[in-house]
Amino acid sequence: MRTIEWKDGVVVIVDQTKLPNEVVWVEMKNSDDVASAIKEMKLRGAPLIGVAAAYGLALTAFHSKAEKREDLMKELKMSAEVLRKTRPTAVNLFWAIDRVMKRAQETLGTKEALAEAQRMADEDVEVNRKMGKHGAELIEDGDVVLTHCNAGSLATVDYGTALGVVRAAIEEGKNVKVIACETRPRLQGARLTCFELMRDGIPVTLISDTMVGYVMSKGLVDKVVVGADRIVRDAVLNKIGTYNVAVLASEHGIPFYVAAPMSTMDQSSTSEDAIIEERSPHEVTNIGSERIAPEGVKVLNPAFDITPLEYVDAVITEEGILTPEVILKQKK
Ligand code: MRU
């Protein structure tokens with residue numbers, strides 16, 4: 001089952017803010033609907049954000065009444081501007097918008113924008129499967145894999161990046177179990193990773209983020225596999241808390257792997273240029289609708305952190321397994 005689909009002129013997604021308690025499908029009728037869904041995190045995860053933005057532009061093109069090529073391009077540019085402002089960290093958003101805009105510019109056809117979005121959705125599934133196959137080489141029978149946030153089918157069109165590696169290893173007949181960090185403040189690990197792994201019958205144990213050191217020190221973790229929102233020349237930008245996990249993994253001699261498609265690579269930037277999304281204080285002061293912190297408290301809420309490549313043992317991509325040395329070399 002895909003996380004996002006085009007159906008008769010609308011785009012349909014599962015509202016991830018409602019999971020795991022309710023599975024609610026919502027229709028997005030235009031690119032503003034897509035932009036709001038990205039901002040409100042009804043859909044999230046770097047690869048899915050990219051494909052959704054591509055579909056957002058496809059919606060603009062598909063429903064446009066423009067008769068002249070320039071008018072259609074103007075409409076597309078306006079939609080692209082709104083989509084670009086939704087979330088700053090996942091590079092897939094900008095990659096996807098640029099790709100559809102380039103295609104529209106070259107062809108100036110409404111059908112081509114939709115075809116490009118559909119192609120990107122199909123490619124995402126294909127890329128995840130390839131990534132999974134490469135990554136599965138690093139997973140041994142009996143391994144317990146710790147993951148952070150949700151880098152699964154819900155963060156992509158299907159199959160997932162980090163969880164795609166787990167799925168591929170299991171499809172090869174290996175016995176693999178997962179430890180999922182809850183991932184405060186948005187709880188993607190508790191809500192989404194546990195939901196999709198349990199749905200697929202993959203053994204998962206939920207821990208709070210504060211338990212990572214304990215489970216590692218007790219020898220309960222064999223490998224860490226996480227996703228990425230942007231891989232810059234010297235670091236991996238991923239969900240807040242990833243850096244803590246990486247440092248603890250290094251301290252305990254546990255391999256730390258990042259699974260991400262080539263579209264997540266941003267070789268034009270370094271960690272110094274990183275734009276880390278700062279989200280609403282409400283996400284930290286509340287758990288769900290319940291307020292847990294005193295009114296008026298000062299809050300910091302960066303949605304992502306920066307893990308230097310020195311902590312990364314390998315980056316698993318659809319093109320194969322890259323060592324950090326290869327990525328760091330390109331830095332010079
Ligand atoms: O804020 P989110 O839920 O969009 O953050 C998602 C992550 O950090 C994922 O780990 C990353 O996008 C990789 S998803 C395949």
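A residue is counted as near a molecule when one of its heavy atoms lies within 4 Å of it.

1. Ground rules. This is a predicted model, where local features need pLDDT of at least 70 and side-chain atom pairs count only at pLDDT 80 or more, while totals for chains, interfaces and linings use all residues. Numbering starts from 1 along each chain as its sequence is written, and side-chain values use heavy atoms, with hydrogens and water left out.

2. Around the ligand. The ligand is surrounded by 18 residues, and the closest are R44, R87, D229, N238 and K239. By class, this shell has eight nonpolar, six polar and four charged residues (Ala, Val, Leu, Ile, Met, Phe, Trp, Tyr, Cys and Pro count as nonpolar, Asp, Glu, Lys and Arg as charged, and the others, Gly among them, as polar). Helix α2 (46–63) and strand β9 (235–239) each supply at least two residues of the shell; helices (H or I, at least four residues) and strands (E, at least two) are DSSP runs, numbered from the N terminus.

3. Contacts and cover. Which distances are worth a look here? R44 places a polar side-chain atom 2.8 Å from an oxygen atom of the ligand, and N238 also has a polar side-chain atom 2.8 Å from a ligand oxygen. For K239, an N or O atom of the side chain is 2.7 Å from an oxygen atom of the ligand. On its own the ligand has 410 Å² of accessible area, and the protein covers 100% of that (Shrake-Rupley method, 1.4 Å probe).

4. Aromatic pairs. There are three aromatic pairs in the structure (rings of Phe, Tyr and Trp, the last by its six-membered ring, with centres within 6.5 Å). One of them, W6 with Y55, is stacked, at 6.2 Å centre to centre and 25° between the planes; stacked means planes under 30 degrees apart. This pair links distant parts of the chain, with W6 in strand β1 (residues 4–7) and Y55 in helix α2, 49 residues apart.

5. Backbone details. L19 and P20 are joined by a cis peptide bond with omega about 5°, and P20 sits in the loop between β2 (10–14) and β3 (25–28). Another cis peptide bond joins R184 and P185, with omega about 5°; P185 belongs to the loop between β5 (177–181) and α7 (188–199). Finally, look at M41, in the loop between α1 (31–39) and α2: its phi is positive, about 65°, although M41 is not a glycine.

Note on methods: A polar contact is a pair of N or O atoms within 3.5 Å; within protein, one must be able to donate a hydrogen and the other to accept it, and residues adjacent in sequence count only if both atoms are side-chain atoms. Rings of Phe, Tyr and Trp (its six-membered ring) pair if their centres lie within 6.5 Å; planes under 30 degrees apart count as stacked, over 60 as edge-to-face and the rest as tilted.
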